[in-house]
Amino acid sequence: MTGSTFTFIDDDRQSALVLDFARIEALVSYVFEQGGFECGTIELVALEPEPMHRVNVEFLGHDYPTDVLAFALDEDRAAKRLDASIIICTQVAIDMAKEYNWSAQNEAALYFVHGALHLVGYDDHTPENAPLMHAKEVEALATVGIDASRSRLGE
């Protein structure tokens with residue numbers, strides 16, 4: 001890592017999954033550094049399904065809980081600063097991890113990486129863009145020893 005100075009606020013509002021926030025912070029820092037940012041305040045939030053549902057309805061108008069939402073709160077590319085919030089639903093991670101037969105902790109880490117990649121400009125909403133974003137997810141996860149071949153990314 002470079003001389004980046006990210007301040008993390010870890011906000012764990014769920015009880016379904018033990019999260020390794022130090023590892024998650026390393027992942028998010030890596031993504032932001034690769035995306036050209038060197039500093040910022042980053043809120044990492046883990047929610048139960050109902051609060052995640054409410055956030056999804058309020059900000060995106062989607063009437064269901066989702067896996068991850070990411071919001072840039074303040075961005076200054078010239079100063080290489082990004083303040084942001086990445087919110088995940090751990091129950092979705094638990095459910096999806098069962099489907100892909102890998103750990104829920106790894107699935108949750110993937111969600112934080114996915115949100116961070118959106119914040120630095122990657123998009124997976126089109127068939128043309130999705131492979132690059134997924135490759136970046138695999139790359140980031142590997143930096144902390146997570147083999148994504150057992151996730152949806154390995155499909």
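**Figure 1. Asn-56 is tucked away: its relative accessible area is 1%, so Asn-56 counts as buried.** Buried here means under 20% relative accessible area, exposed means over 50%, and partly exposed is anything in between (1.4 Å probe, protein chains only). What you're looking at is a predicted model, where local features need pLDDT of at least 70, side-chain atom pairs count only at pLDDT 80 or more, and totals for chains, interfaces and linings use all residues. Residues are numbered from 1 along each chain as its sequence is written, and side-chain values use heavy atoms, with hydrogens and water left out. Asn-56 sits in helix α2; helices (H or I, at least four residues) and strands (E, at least two) are DSSP runs, numbered from the N terminus. Which residues does Asn-56 touch once its neighbours within four places in sequence are set aside? They are Gly-61, His-62, Tyr-64, Pro-65, Thr-66 and Leu-69, where contact means heavy atoms within 4.5 Å.

**Figure 2. Stay in helix α2 and you'll find Arg-54 and Glu-50 joined by a salt bridge.** A salt bridge is a side-chain nitrogen of Lys or Arg within 4 Å of a carboxyl oxygen of Asp or Glu. For the side chains of Arg-54 and Glu-50, the N to O distance is 3.9 Å. Helix α2 covers residues 49–60, and the two partners are four residues apart along it, about one turn of the helix. Is Glu-50 buried or partly exposed? Its relative accessible area is 46%, so Glu-50 is partly exposed.

Figure 3. The structure holds six salt bridges. Asp-11 has a relative accessible area of 19%, so Asp-11 counts as buried. Glu-75 is partly exposed because its relative accessible area is 37%, and Arg-77 is partly exposed because its value is 42%.

**Figure 4. Four Phe rings gather in one aromatic cluster: Phe-6, Phe-8, Phe-32 and Phe-37.** A pair of aromatic rings is described by the distance of the centres and the angle of the planes. Rings of Phe, Tyr and Trp (its six-membered ring) pair if their centres lie within 6.5 Å; planes under 30 degrees apart are stacked, over 60 edge-to-face, and the rest tilted. By this rule, the structure has four aromatic pairs. Take Phe-6 and Phe-8: the ring centres are 6.4 Å apart and the planes meet at 50°, so this pair is tilted. Both Phe-6 and Phe-8 are buried. Now try Phe-32 and Phe-37: with centres 6.5 Å apart and planes at 75°, this pair is edge-to-face because of that angle. Phe-32 counts as buried because its relative accessibility is 0%, and Phe-37 is buried because its value is 1%.

**Figure 5. Cys-39 lies in strand β2, with Phe-6 from the aromatic cluster among its contacts.** Strand β2 covers residues 39–47. How far apart are Cys-39 and Phe-6, in sequence and in space? They are 33 residues apart in sequence and 4.7 Å apart in space, C-alpha to C-alpha. Leaving out neighbours within four places in sequence, Cys-39 is in contact with Thr-5, Phe-6, Ala-79, Lys-80, Arg-81 and Leu-82. At 17% relative accessibility, Cys-39 counts as buried. Cys-89 is buried too, with a relative accessible area of 0%. How many disulfides are there? The count is zero, with a disulfide being a pair of cysteine sulfur atoms within 2.5 Å.

Figure 6. From the N terminus on, the elements run β-α-β-α-β-β-α-α-α. The radius of gyration is 15 Å, close to the 15 Å that the globule rule gives for 155 residues, so the protein chain is as compact as a globular protein of that length. That radius is taken over C-alpha atoms, and the globule rule is 2.2 Å times the number of residues to the power 0.38. The C-alpha atoms fill a box of roughly 40 × 35 × 30 Å, taken along the principal axes. Buried residues make up 45% of the 155 residues. Of the contacts with a separation of 6 or more, 63% are between residues 24 or more positions apart.
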